[in-house]
Amino acid sequence: MAHASSYKPNTAIEKWLDDRLPIARMMHDQFNDFPTPRNLNYLWTFGGILTFFLAVQLLTGIVLAMHYVPHESLAFDSVEHIMRDVNWGWLLRYMHANGASMFFLAVYIHILRGMYYGSYKAPREVLWIIGVLIFLVMMATAFMGYSLVWGQMSFWAVTVITNLFSSLDSIIPGMGTGIVEWIWGGFSVGNPTLNRLFSLHYLLPFVIAGLVVLHIWALHVPGNNNPTGIAIKAKSDALPFHPYYTLKDGFALSAFVVLFAGLVFYAPNFLGHTDNYIEANPLQTPAHIVPEWYFLPYYAILRAIPNKLLGVIAMFSSIGLLLFLPWLDTSKVRSARYRPLYKWFFALFVISGISLGYLGAKPPEGIYVILARIFTAYYFIHLLVILPLLGKIEKPTAMPGSITDDVLGKKPAGAR
Amino acid sequence: MAKKTTEPTRRDFMTIAAGSFAAVGGAAALWPMIDQMNPDASALSLATIEVDLSPIAEGQSITVSWRGKPVFIRHRTAEEIEQAKAVKVDELPDPEARNDNISADSPATDVNRVKDENEKWLVLVGICTHLGCIPKGQRVGDAKGEFGGWFCPCHGSHYDTAGRIRKGPAPRNLEVPTYEFVSDSKIKIG
């Protein structure tokens, strides 16, 4: 919001509106003429992709809710009714279900891009924190949405995840059970639970939309980070957002949507579980309960720790710790390009995350438990020990003088 | 504030009074919003059921639904009772009886897991104390775990023939619900 406005109302009506509500001016300054670093790579297109998928989820979700019935004895059938009877219902539901997966794929790339290029560092801490909050609300929303199908996996996922709170019984006896029964509205997962999950599943996406507005606002105060991590210093470092980045974002989005369409049309159940096509049965647990792929790393962390309460704490703090990332990382250099050691630790961190995802889908026994413990340990050591120390030990490599110098390939002073 | 005074002014009083009124009113209005989520009257009204035990042969188990939860009723064989009695309490991961019919600090001996020393009948809430899955072991072909009782497939908890946790992540023994013998072959749960 720092740059001078270049908006010029051309017609009398534009001028009239601009004096009363300068919304056209804001849109022009923020999304048309906004100065954007000229060197952004394709990893920077995922913000736009995420906005698109939020819109897809909202639109398909709102129309699906016109056909869905949030009642324990009707929910499962109403989903099948959507699939078989409702015009285009199969398409809407497959878009919504796979859209959630694409949303998470994009958000993981978006988060890891921020971690690689140090986008969370000053002056972008608030931007990062809002991002972590969006991620948390997204996870809650996805979990609730999955429960609405009311298949076996839905039902038992709700049972297991809500039961996490019963671990609080080991702090104050009865507190955990009280909270769990409050969440359920009964003595087990049942109709009241389904009803409230539906209500909240409809609400939370709008909370996300509100947080996205704050996220973009917090982005537009300092402006975009970029692969060098160096701030814009001169006019030659930046390009107007439109048409340069609207086009680049649009191209990346098109490619990403091809993947989405591939899933929706050719493998709509590839990421799902067959058990969820069996109606929820409160008296029988499926032999293997596995969450959706995007929750697997956290599930692996939960199971890696033999103590129930500590497992729950570890699982929640694996995300909660990210809120403190701007202060855990003590290095002044943003981009991993100029951090020879951090690069490797970052790679290990990504490998740990992917491995935990793999292990989360495996039964909790033998070598899988041991590996899950090793990778869980690295996940926390990376955030709590390596990042604070590395900033003090590591010697950064020489950086270019500016974004322009980097783009034009000018060797930094005292180059490698 | 226009001028500084050492004495509290009437405006200070009004600010504090209005603020307190809003805080108390807000808190009072919040409680119904929170409490509406607790189990309602219809959920509480399903609190008791009666079960006829006469058709359950020795060695057989049945599952009944109580408050939406499965309740396991097992007619234990002499061998199963013997097996459960042979274990010392201090070897158990959870040494407490977890029997709602007796005082909370009772030790988890086999006799404390049944009602009125009627050791043939074991009545349990069939919900794993780890994360709420239903353990296997009720049906003839089911895996019963290493201790012959129940085995939870979700995260690998093993329960013995008295429903006590023996191995795995579950922190507590399976809960024994409140129940009483209405007659020799009939119980009332709840």
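In what order do the strands of the open sheet in chain B come? The order is E2-E3-E4, and the 3 strands are paired in antiparallel fashion. Before going further, please keep in mind that this is a predicted model.

- The open sheet has 3 strands, in the order E2-E3-E4 of chain B. Its edge strands are E2 and E4 of chain B, each of which pairs on one side only. On average, neighbouring strands of this sheet are turned by 20° against each other, direction ignored.
- Strands of a sheet pair through backbone hydrogen bonds, in either a parallel or an antiparallel way.
- On one side, strand E2 (residues 61-66) of chain B is joined to E3(B) by 6 bridges, and the two run antiparallel. One pair to look for is B:Ser61 with its bridge partner B:Arg74 in E3(B).
- E2(B) and E3(B) also form a hairpin, with 2 residues between them. In the turn you will find B:Arg67, which has a positive phi of about 55°.
- E3(B) pairs with strand E4 (residues 121-125) of chain B as well, through 5 bridges in the antiparallel sense. Here B:Ile73 has B:Val123 of E4(B) as its bridge partner, while B:His75 is partnered by B:Trp121 of E4(B).

**How enclosed is strand E3 of chain B?**

- Strand E3 (residues 69-75) of chain B has 7 of its 7 residues buried, so the rest of the structure largely encloses this strand. Buried here stands for under 20% relative accessible area.
- In a regular strand, side chains alternate between the two faces of the sheet.
- Both faces of E3(B) are covered. On one side sit the buried residues B:Lys69, B:Val71, B:Ile73 and B:His75.

**The nonpolar patch of chain A**

- A nonpolar surface patch of about 770 Å² is formed by A:Ile13, A:Trp16, A:Leu17, A:Leu21, A:Ile23, A:Met26, A:Met27 and A:Phe31.
- H2(A) gives the largest share, with 4 residues.
- A:Trp16, one of the patch residues, lies in helix H1 of chain A. Is A:Trp16 buried or partly exposed? With a relative accessibility of 48%, A:Trp16 counts as partly exposed, because that class covers values between the buried limit of 20% and the exposed limit of 50%.

Terms used:
Residues numbered from 1 in each chain as written. Chains lettered and ligands numbered in written order. Predicted model: local features only at pLDDT ≥ 70, side-chain atom pairs only at ≥ 80, totals over all residues. Heavy atoms only, no water. Patch = residues over 30% accessible without salt bridge, like charges linked within 9 Å, V, L, I, M, F, W, Y side chains within 5 Å. Areas by Shrake-Rupley, 256 points an atom, 1.4 Å probe, with all protein chains shown as cover. Salt bridge = Lys/Arg side-chain N within 4 Å of Asp/Glu carboxyl O. Buried < 20%, exposed > 50% of the residue type's maximum accessible area, 1.4 Å probe, protein only. Pairing = 2+ DSSP bridges. Axes fitted to C-alpha atoms, helices over the stretch in contact; angles between N-to-C directions.
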